[in-house]
Amino acid sequence: PFAPLPPASIAIRIAPDPIRPLSSFIQHHGSQDDDAWPGPARLAEADWGDWRLRAGRWDRPSPEGDPGESGFPGPKAGDKDAPIITLMNIPKVGGPHGAWDLIKGSEGYDSLLNGLKEATRSIATVSDYFCIACNTLHKNQSEIEKFLAEEKIDCKFVSIVDSVSQHCEKNKITSLVVMGSKMTTDVKETSPYAPLSESVELPVLSEELRDRQQKALEMIKAKGAENKEVQEYFQATLDSFDATNVLLGCTEFPLMKVKTEKVLIDPTQLLADRLLALSWGYSDGNLPENC
C-alpha cells in the first residue's frame, strides 16, 4: 500500500529474476497539504528542485531559511509514513551473467557496463539511494562507484556485498559458505564476494557442487520455486556439503523452502534492511534492535 508522497528514492532491479520488491528507499516529508508538497494530481510535472533532505526529512527551505521540523517518524509508523519504493527493470542487463559479460575484455562486457551506466544515470535523477538486486552483477561494483564519482552524482549506491560484510562483522561470523551462480561461488577469483575473504573464511566448494548450484538457479528460473522437482534438487544440493553459515548468494535461492539446521543468510534481506535504515536516518545502516 503505497500512498502518494513527496519525492522518493528509487530501486534499481536490474535482473528480471523472481525477487521480493526490495530496493532503495528515501525519507519523505510526511505531509500532504498543498503548501507542503505538490500533491498526487501534480506529482508528474512537479519541480523537485527546491526540495532537499534535511534532518531525516524532506523539506523545502522557507524564504527565511528556517530549518523547519526535524525528525522522521521511523519504524512502526503508518502506511502514509512509509518510504516510496520504485522498481526499475532493465532487460538489457538481465541475466544470467558469467565470464562472458562480467570479465573485462569479454564479448558482452562493454554492452553490459554501458547498460549499467545508463540505468544508474536514470535512477540518479530521482533517488538518494539505489541498489542492484543481483548478486553476480556486484562484480561491477567498483565500476559503478567509479562512474558515480566521475559524473559527480550524489546518489549513493548501496551494495549487497557491503551489507553482507557489515552483517558478518556485527554477528562475528568467521566462516561462510557462498551459494550462487558458477561465478559467484568462485570465491577465490571471480565472485563479487571474494573481497570478504580478507575478514571471513570462504570455503572453496568442489566444481561438481558449484555446477549443481548453477543448475539449481536455472531450474528455479525455468520452473519456479514451488516446483516439486526443483525443491527436491535444491534441498539435496543444500544437504550435500557441511557448513554452519550459508550465504544464499543468488536472488532465486531465498525463495526456496528448505529444512536445514544450517544458518541461511539472505543477502537481499540484509540489503533491504540497510536501505530502510538509511532511509530512516540511521547513517550506519543499522536498524534499532527493537525494529
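Residues are numbered from 1 along each chain as its sequence is written, and side-chain values use heavy atoms, without hydrogens or water. Because the model is predicted, local features need pLDDT of at least 70 and side-chain atom pairs count only at pLDDT 80 or more, whereas totals for chains, interfaces and linings use all residues.

Me: Why is Thr 136 called buried?
Reply: Buried means under 20% relative accessible area, exposed over 50%, and partly exposed in between, with a 1.4 Å probe and protein chains only. Thr 136 has 8% relative accessibility, so the residue counts as buried. Thr 136 belongs to the loop between β5 (129–130) and α3 (141–150).

Me: What makes the approach of the Thr 136 side chain to the Ser 181 side chain a polar contact?
Reply: The term requires a pair of N or O atoms within 3.5 Å; within protein, one must be able to donate a hydrogen and the other to accept it, and residues adjacent in sequence count only if both atoms are side-chain atoms. The two side chains make such a contact at 3.2 Å.

Me: Why is the pair of Phe 130 and Phe 157 called tilted?
Reply: Rings of Phe, Tyr and Trp (its six-membered ring) pair if their centres lie within 6.5 Å; planes under 30 degrees apart count as stacked, over 60 as edge-to-face and the rest as tilted. Here the centres are 5.3 Å apart and the planes lie at 45°, so the pair is tilted. Phe 130 is in strand β5 and Phe 157 in strand β6 (residues 156–157), so the pair ties together parts that are 27 residues apart in sequence.

Me: How do you know that Phe 130 and Phe 157 are buried?
Reply: Phe 130 has 0% relative accessibility and therefore counts as buried. At 13%, Phe 157 also counts as buried.

Me: What makes Phe 234 and Phe 253 an aromatic pair, and of which kind?
Reply: Their centres are 4.9 Å apart and their planes are at 50°, and the pair is tilted. Phe 234 lies in helix α6 (residues 228–239) and Phe 253 in the loop between β8 and β9, so parts 19 residues apart in sequence are tied together. Both Phe 234 and Phe 253 are buried.

Me: How do you know that β7 and β8 are paired?
Reply: Two strands pair if DSSP finds at least two bridges between them. β7 and strand β8 (residues 245–248) have three bridges, in the parallel sense. Val 178 stands opposite Leu 247 in β8.

Notes: Helix = DSSP H or I, 4+ residues; strand = E, 2+ residues; numbered from the N terminus.
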